[in-house]
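Please read them alongside the sequence and the coordinates.

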Amino acid sequence: MALSRHPLQYLILAAISVVIYPAYADHLNSAINVETSTNSASIKSQKKIDGLSDKTRKMLDQYRSVTHQTETLTTYNNHLNKLLSSQKQEKESLQQQLTEIETTQREIVPYILRMLDSLEKFVALDLPFLPEERTERIAKLKAMIVRADVTNAEKFRRILEAYQVENDYGNTIEAYRADLDLEGVVSSVDFLRLGRVALYYQRFDGSETGYWDKEQKQWQVLSEDYRNAIRNGLRIARKETAPDLLELPIPAAEAGQ
């Protein structure tokens with residue numbers, strides 16, 4: 001059997017409901033507000049974190065960039081230091097070379113003069129072959145030595161060239177024609193030079209053959225036995241015939257014996 005409620009009971013329940021609902025609503029609103037505030041705070045915190053993260057990333061990128069630049073500058077500075085050290089050494093070397101060049105310039109002139117004097121004496125004491133050519137070469141060197149427009153290096157080079165020419169004479173055989181003064185009579189003859197060992201002459205008609213006597217320092221006439229040998233030697237020197245063995249008197253060998 002259903003229980004019936006008194007109208008007063010309904011009024012009381014309604015009143016309780018009216019009282020409870022506003023209280024619950026306030027609590028709910030408060031909770032919602034707290035949640036909303038929390039969410040807002042979370043959003044702000046996240047934005048702040050994101051901002052800090054971006055800032056940190058930028059700072060990290062800047063740090064990396066600065067570190068790279070520092071390493072690059074350090075490497076470049078080390079390279080510059082090495083270049084400066086090398087340039088300093090080069091400067092010291094150049095200064096030393098300049099000092100040596102000044103010393104060499106002072107010493108080279110007397111040396112060149114001594115070389116030229118020695119060359120002139122050597123030619124005077126040597127076999128009297130190509131006298132005009134060799135004398136003219138020395139005369140030109142003497143004229144060049146006193147010229148201000150010719151450098152010492154060029155003077156030295158020309159002197160060395162003259163020495164080389166004289167040196168080559170000792171390794172060659174040569175035939176040439178020139179005048180020869182024999183007892184006051186000048187005649188044109190053929191000369192045969194065998195290195196620096198011996199120097200011979202022969203008249204064009206073969207009527208007289210002779211050689212230079214180093215010890216007597218004069219021309220000596222050879223016997224008729226050597227006429228053909230000298231003639232063959234002249235032909236060999238002129239490359240008119242093939243090289244062959246020549247039987248000739250060698251003054252130096254006789255003196256050595």
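1. Helices (H or I, at least four residues) and strands (E, at least two) are taken as DSSP runs, numbered from the N terminus, and two strands pair if DSSP finds at least two bridges between them. In those terms, L194 stands opposite A198 in β3. This is a predicted model, in which local features need pLDDT of at least 70 and side-chain atom pairs count only at pLDDT 80 or more, while totals for chains, interfaces and linings use all residues. Residues are numbered from 1 along each chain as its sequence is written, and side-chain values use heavy atoms, with hydrogens and water left out.

2. On confidence, pLDDT is the predictor's confidence in each residue, from 0 to 100; the protein averages 83, and 85% of the residues score at least 70. Over residues 253–257 pLDDT stays under 50, and the model has two contacts (heavy atoms within 4.5 Å) for them beyond four places in sequence. Where pLDDT is low, the predicted coordinates should not be read in detail.

3. The strands form an open sheet of five, in the order β1-β2-β3-β4-β5, with antiparallel pairing. Because β1 and β5 (218–221) stand at the edges with a single partner strand each, one side of each is left without a neighbour in the sheet. Neighbouring strands are turned by 35° against each other on average, direction ignored, where axes are lines fitted to C-alpha atoms, for helices over the stretch in contact, and angles run from 0 to 180 degrees between N-to-C directions.

4. β2 and β3 are joined by six bridges, with three residues between them and a positive phi of about 55° at G195 in the turn.

5. Helix α4 (residues 227–237) lies across β1, β2, β3 and β4 (209–213), and runs at about 70° to β2.

6. Of its 13 lining residues, P131, E132, A178, D179 and F191 lie nearest its centre. β1 gives the most to this lining, with five residues.

Technical notes. 1 Å grid on protein atoms, 1.4 Å probe; cavity = no way out; pocket = protein on both sides within 12 Å on 5 of 7 lines; lining within 4 Å.
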